[in-house]
Every structure is written in structure tokens, then in C-alpha cells.
Amino acid sequence: MSSEFARDDVPPLTEAIQPGTATDPTVGSTDAATLTVDGHEVTLEAGATLLDAVTAVDTNEDVPALCSYDREDNIGPRSECRTCMVKTDEHGLVPSCSFPAEDGLNVRTDAVAATEARDVNLDLVLSNHNLRCTTCGKNGRCELQDAAIANDVAEPRYGVLDNRGAYEPIDDSSSFIQIDRNKCILCNRCVEACNDVQVEGVLRLEGNGQDTRIGFQNDAETMADSTCVSCGHCVTVCPTGSLVETGIVDAATLPVPGFTQKNSIGRSIEPSDENTELMTPMKQDDWSEKDGQTSTEAATESESEDWP
Amino acid sequence: MAEHILSESVVLRIAESTPEQEVLKAVASATSIPVVKVGTTGYPVLEPLVLLTKNGQTAFYTSCSPEEAAEIATTLDNGNLRIEDADAIVEHPPERPYLPVPDLWPLQTGARTVLRRCGWLRPTHPEDYRISGGFETVDSDTDTVMSAAHSVTGRGWGDAMTNTPVGTSWNRSIDADGDPAVVVNAHGSPGDRLLLESVPFLPLEGALAAAQAVDASDIIVYLSEADEQALECVTATVENLPTTDTMVHVVTGPDEYRAAEPTMALEAIEGSQRLEARLRPPTPDIEGVYSRPTLIHTPRTLAQIVHAASGASPTRIVTVRGDVQHEATIEIPEDGSLATARTAVTVDGVFKGACVGGQFGGLTPDLDIAPTPNALDAADLGTEGIISILNEDRCLVAHVGEQSRFARDENCGRCVPCREGTVQLTKLLREVYDGSFRPDDIEELLRVMQSSSMCAFGRDATRPVATGLDHFEDEFVAHADGRCPTGTCTTEPQHEVPQ
Ligand code: SF4
Ligand code: SF4
Ligand code: FES
């Protein structure tokens, strides 16, 4: 890739951080706005999104808004799950979490197309999720579980990720944070917590299509080999059981004899003996030499064999 | 050599699209009269093409080998050339600025407005372009350019204003805070590649005019790193542009389909190694490259603006490929019909239908449709400017299955309806082979992908399947019964779904 069009005013540290994600524009309204949601009038300050309006009233239909995160300004909206779709007269269906609250909009949560889109998208999230809640450390405090229950999901239309051959091994290499990517919904909160809040530059998003996953900016394969400082911010923001503090991995699991989170997946990456410090060895070794450059993630070639 | 090519009384023009330029070299060493390299005409079937212009006549020698071309040049040199033996001859005024079109298939097909200089001028020579009426739009007043912009709709999925009047976007950039920039998105489309290789000054003039209209200080020409000839050509052209207050940069991105998406183009320009779409709104014309208000247009859009500013009626550039003997890029008036495009190619076998609109085009058994956004939209076809002809041996269930799998493997991975939706869509299509055809479930998924995907990749990826079901549902039913009408899908029904 050649680029002779570069910006020269970027401070070196943030330039070195490569989270792998797009630089989104500033979302939210430019002015204060009054609009209606399911007939209820709401007035919001500048900078608001339609989701702010939706959460301010008692809506006719449940809006899961799964990937949204309102506890820290530096995180989100990623607007990837599309379980927050609402209908507006003016713009049709829009994702409420990232759409600006424009004055005079007429927003409906109960339009047939909006309900259908939220339901189908929630089922699409579940289709790629290992839904073995009984062995999950986040059982009972998981935002995906909450959303599925609130949305009365009985039988997800596309099933759930339940194919042992397709599972990624659990990364249990760090003594502090465990990663189970089979439970990741790619909300990107952890990547933003790591890069935009803590400015640590450890986590990134990598790959594309079905290979999209969270990974490490130093190209490490495991948490132990990453430059993680074990601050734990990513664990705090993760909505699911994908990032869990090692000490509480089994805290919420139901005691089914012989059935644990790890044997439900089949494979895991275990810590090596010397790795007992909170800070991962890579971080201790040489933080200053980190160059922050990521290798180009080889994109998946479309399979060349014949259909079907 | 004279300052511009039109003043040469005798000249040999060579149009060949191979980088080796063997015919050009053979001819140049065989004669003492001027020999120039011109851009391709858009018709590989005619090339390598040798044009001899002499005494107000131009003779066309098509598909010349280096030896044949050298032979023409030598006989010309020793005065023995019988011009009547050429494949076609056309008479024209001595300084004719555009390719004179002889009665020669497929050159006389369609219109030649935007493409009229292709095959006639030296692509990177500013004086050739100027003498043919070029650079009038950069010199005209802003009102003329703005009203042209309001009359032209964006061409191609790489244009941030696809099928929408581009002037609206320019107004947003003018009103937005910050120093505007203009991106010329030439990534991945054959029509845009032709413009950059044969008449690069035209889209660049459009970009300069746009930059003047919105007061932008930078123009960034963005193309795929695989398009080496276009890259070379546009780089040379940029050096030869008239000096203005605008800086022009050339940046390449990876050779991936998704890299043409307008916001992924911005990501590539900013040097991101992993490309994914950006959120909108606000649109890039308000907050784009490095947060600056950024117009993103394809070369085809910018070329149309230049022509609209001179009062010409709009046309569409369409590339025809697929089951044809030679690909062709042709220009069709907007009030014409896509059926014209079919007459510019020789179909291999019997015509069954066409996929209109590029990678994620719609299927249709009938091409008699106006090439306008409204008419194409009504038929759920795409405006991408690429038509793939499908012959009767093509299995359309396999065709849409392959497109769905491509979408599954090539999407950026950002949003659920596209990333997970294409996985489920591919599975649903694969299950047809196992006897389970569930059109209602497929259509529900298509509706949601269409209405909630973040960018045009996911929205457009629904089109092949949706139109396949509309026009060829009986083929799906046949496959569910274990029968492929064309005999293409020979696989025994399987019960395992490919991951
Ligand atoms: S690990 Fe958790 S926080 Fe990170 S992207 Fe996955 S679900 Fe989101
Ligand atoms: S529609 Fe597809 S390509 Fe576009 S943002 Fe979503 S996942 Fe990426
Ligand atoms: S909450 Fe809006 S897209 Fe996820």
C-alpha cells in the first residue's frame, strides 16, 4: 500500500496504536432536539443518539441494543450488532445507537420491519455464540443472556455455535485474564478500553468475515505473549463470557459433575510455569521497543472450489 | 514531433492493452513517420489496433500481430501501402479531436461521448487533451460546475453518492467545518480503469473542478495496487496537470473487492492495514479523510460532470463480460437500453440471462431496460456498470450460491447482518441441495441484511439471491428435488454444510 498522503500532526504514541478498527466520525446530534418515540415526546441535548431517546421512554417493543455501552464516553458506539434498529418516517430503518437524535423525528420501535430486524440480528449473534451458559463464568450477569431472555428467544432461528470442530481453543495462558472467543460478539468494547481508555495498545480486531476476532497488536498468539499489563479494563467492559478474570471463571457455573467450561470446548491453551506475574512476560521484557506495527492480516481468499 | 498529435499530417496510432507494448515497439522500429501510443478503445476484440491517419483519412487495422503491424509500417514507408486493404476506413477533417468512428463492429455500437478521446489521444499529454477541448470545465465559473454536479448522479458503488445527485454532497462539504478534500475512487471498476488508462485528464479535470467548487486543497486518486497500468498512467498525468492551488496525490489500496467501499477507501488512504467500513452519518462529505469534509467520486462520475458542464446529455459506461468471447466496455445514452450492450459482444453459447450490476448485481432474463438508476432499481438490478452475460449452461442456483459465498468470505467483518447473515445465507442456499428449500426464511434474512447492514457491501450482497428467487425460482425447486436443470451441479446431496 503506498501512501503519499499522510498527516503529520499525529502524536507518535497514538499513531503507534493500531486497533485494526475504522476511525468513525463523531456520532450524535449537533443540536438539542425534540422527537417522539412510539408517540412519547422526548427532548434531548446536543450529542444525543436515538438510543438515548429510546431508553428515555417506555417503548412498545424491547430494544436489546446489545453492543451499545453507555458507561464510558470513550467506548462506542460500535453499532455492529444491529439489534437496536428502529423505524423513522424520514430515514426508514436506522440503528438507534449511532443515529443522531434529529429534531422532529417520528421514531417507532414497534414497526414490523424494525422488530423483525432486531429479532433476526439477535438470532444472528446467537448463531455464532457458544450458548453453553451453564458452564460460563458470566452466567447470570451476561448482557447477551439478558437480551435473549428479554426478547423471549426460545429457539434461535439459526441455532447456536455448537460444533466442537469449529470452536477456538480457550486462551488460558495468562494468570489473570481468560479469553473464550467462542463467546465473543465482536462488540469491540475491550479493544476500545485497551486503546482509547488505557492507551495500552495491546488488543486489536483482526481478520475479516468469519475470521474476524480479537487479537494482539504485537502479533502474539496468546494472552501470555501479548503486552498485556493486566489492568483488567477489558474484562470490566466485556458483555459476555469472552473475557473473564481467571479467578472467577467458574464462579457462576452450575455444578454439573464432570462438565466444565473447558471440557465443553475441548481445547485450551494453558499457562506456562514461569508465567505467574500479573504483567505478561512480553510487557515486562521490553515495553519501550514495541513498534506498534501490525502485519497485514491476510484476507481470506474466497474458496476456489466449485459450488456447492 | 509537433506539440499535439492532431497537427501531425501523417501518424500511426497504436492501441494495445498489454504492458509489453510489442506492437508499438515493432512499428516504431519499422518506420520513420511518427508513431504514438494511444489508450485502449474499450474493445479488446479490436486490439492490438493500428490506426493510420493520412490526408484526412484514418485506416483501421485490427488485431495486428507485431509482424503484421511492422509490415504495414514498412510498406507505408516505401510508398506501396494500399489503404483500401485496411479493415475499415473513415474520412474526417484533418484536425479531428476525437476518434473517428468507422463502420466497424463493435466500435459503432452505443454512444461515444465520455470515451470519445479513447484510442485517439496520447493519454498523458496535456496538449493533446487541451486541443481536443479539454480543461474548459476547470476554467468555467463555479455556477456552471455546481449545476452540472446537481444534474449528475454518482456512478458505481465506490462513489459516496451512488445513484444520488452529487451536488447535494458538495453543498454539505461547503457548509461543513474544515478544509475539504476530494477522493477520486478508481478502485476495482473496469470502466474507471479505462478512463484512467485512456483519458486520465478527463476525470482529473472533474476532480479539479470539484476541488475548486468546494475549495478543497487536496485531491487523492485512490486505486487498487493491482491496476499497475492505470497507476503508471495516472501518476504521469498528475505531473502534467495544469498548476492550481490543489495538491494531487496518488494512493493505492489492497486488491480486495471491499476496498472500493467509500469509507474503506478512506481507511486505506489513511494507511490502515485492516479495512472495515466507517459509521455514517455523518457522511464523509462532512467528516471524511482525517476528519476533513471529503467528496468521494468515481472517475466515471467526475467525467460525467465535465460533460454535463459542457451541456452534453448523460451516458453510462458499461462493461460486458461473462460468457462472451471478448469483454467490451461501451457507452450507452441514458435514454437508451442495456440491450445495446449485448450487441457489442459475441455471446458464447445461447443467452440465458445476465447479472446486471457487478459482483452483487441482479439477475434478469431480459436486458431491455434503460440504464438509469430508477429503471434499474425498479428491476432490482445494480448500477455498477458491469453486466455479466450468462449462457444456458449456467446454473443460476450455483451462481447465486457462489456470490453468497464470496460475500461470506470477503466482507469486512464489522456488522452482524452482513458478517453472520452471509454465513447463514450461504447455509440456507447450500441446504437447497439437501432438499430443504425455504424461500420465506431466505427472504426474511435478505430483508434484514438489506435494511440493517452498515454499508453497501451487505446491502447489495442480497441482490443476486433476491433476483434469482424472483426470476428463476423453478431452478431452486428443481435442485431441492435433486435435479440441476443444466447438469452443472453434479454433487450428490450432502448433509454436511461447508464451514
Ligand atoms: S471479547 Fe468481549 S468486549 Fe471484546 S469484542 Fe468480544 S464480546 Fe466485546
Ligand atoms: S455490510 Fe459487510 S462489508 Fe459493510 S460494514 Fe457490514 S460487515 Fe462490513
Ligand atoms: S446497539 Fe446499535 S448496533 Fe449494536
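Visitor: How much of chain A is buried?
Guide: Of the 308 residues in chain A, 51% are buried. Keep in mind that this is a predicted model.

Visitor: What is the secondary structure of chain A?
Guide: Chain A has eight helices and eleven strands.

Visitor: And how far apart in sequence are the residues that touch in chain A?
Guide: Take the contacts between residues at least 6 apart in sequence: in chain A, 69% of them join residues at least 24 apart.

Visitor: Now the ligands. Which residues come nearest to ligand 1?
Guide: A:Cys184, A:Cys187, A:Asn188, A:Cys190 and A:Cys238 come nearest, out of 13 residues around ligand 1. By class, that shell has nine nonpolar, three polar and one charged residues.

Visitor: Which ones are closest to ligand 2?
Guide: The closest are B:Cys412, B:Cys415, B:Cys418, B:Cys455 and B:Gly458, and 13 residues surround ligand 2. The shell of ligand 2 splits into eight nonpolar, four polar and one charged.

Visitor: Changing topic: how many salt bridges are there over all chains?
Guide: There are 42. One of them pairs A:Arg78 with B:Glu276, with the closest N and O atoms 2.8 Å apart.

Visitor: Where do A:Arg78 and B:Glu276 lie?
Guide: A:Arg78 is in the loop between α2 (50-56) and β3 (85-88) of chain A, and B:Glu276 is in the loop between α10 (262-269) and β9 (294-297) of chain B, so this pair joins two chains.

Visitor: Is A:Arg78 buried or exposed?
Guide: A:Arg78 is buried, because its relative accessible area is 4% and the cut-off for buried is under 20%. B:Glu276 is also buried, at 0% relative accessibility.

Visitor: What about A:Arg204 and A:Glu206, how do their side chains meet?
Guide: They form a salt bridge, 2.8 Å from N to O. A:Arg204 and A:Glu206 are both buried.

Visitor: Which residues do salt bridges with shared partners join into one network?
Guide: That network consists of A:Asp24, A:Arg78, B:Arg274, B:Glu276 and B:Arg414.

Visitor: What does A:Arg157 pair with?
Guide: A:Arg157 forms a salt bridge with A:Asp123, where the closest N and O atoms are 2.6 Å apart. This pair links distant parts of the chain, 34 residues apart: A:Arg157 sits in the loop between α4 (143-150) and β6 (170-171) of chain A, while A:Asp123 belongs to helix α3 (residues 112-127). A:Arg157 is partly exposed at 36% relative accessible area, whereas A:Asp123 is buried at 5%.

Visitor: Back to the backbone. Which residues does a cis peptide bond join?
Guide: In chain A, A:Gly76 and A:Pro77, with omega about 0°. A:Pro77 is in the loop between α2 and β3 of chain A. In chain B, a cis peptide bond joins B:Pro281 and B:Pro282, with omega about -5°, and B:Pro282 lies in the loop between α10 and β9.

Visitor: Why point those out?
Guide: Because most peptide bonds are trans, and most residues other than glycine have a negative phi.

Visitor: So what is the phi of A:Asp152?
Guide: A:Asp152 is not a glycine, yet its phi is positive, about 55°. A:Asp152 lies in the loop between α4 and β6 of chain A and is exposed, at 66% relative accessibility.

Visitor: And the phi of B:Asn163?
Guide: Positive as well, about 60°, although B:Asn163 is not a glycine. B:Asn163 is in the loop between α5 and α6 of chain B and is partly exposed, with a relative accessible area of 33%.

Visitor: What does B:Thr153 touch?
Guide: Leaving out residues up to four places away in sequence, B:Thr153 touches several residues, among them B:Asn163, B:Thr301, B:Arg316 and B:Pro373. B:Thr153 is in the loop between α5 (142-151) and α6 (166-175) of chain B and is buried, with a relative accessible area of 17%.

Visitor: Last one: which residues of α2(B) are buried?
Guide: B:Ala69, B:Ala70, B:Ile72, B:Ala73, B:Thr75 and B:Leu76. Their cover includes β1 (10-15), α1 (22-28), β3 (49-54) and β4 (57-61) of chain B. Just after α2(B), B:Gly79 has a positive phi of about 80°.

Notes
Residues are numbered from 1 along each chain as its sequence is written. Chains are lettered from A and ligands numbered from 1 in the order in which they are written. This is a predicted model: local features need pLDDT of at least 70, side-chain atom pairs count only at pLDDT 80 or more; totals for chains, interfaces and linings use all residues. Side-chain values use heavy atoms; hydrogens and water are left out. A residue is near a molecule or strand if one of its heavy atoms lies within 4 Å of it. Ala, Val, Leu, Ile, Met, Phe, Trp, Tyr, Cys and Pro count as nonpolar, Asp, Glu, Lys and Arg as charged, and the others, Gly among them, as polar. Helices (H or I, at least four residues) and strands (E, at least two) are DSSP runs, numbered from the N terminus. Buried means under 20% relative accessible area, exposed over 50%, partly exposed in between (1.4 Å probe, protein chains only). Contact means heavy atoms within 4.5 Å. A salt bridge is a side-chain nitrogen of Lys or Arg within 4 Å of a carboxyl oxygen of Asp or Glu.
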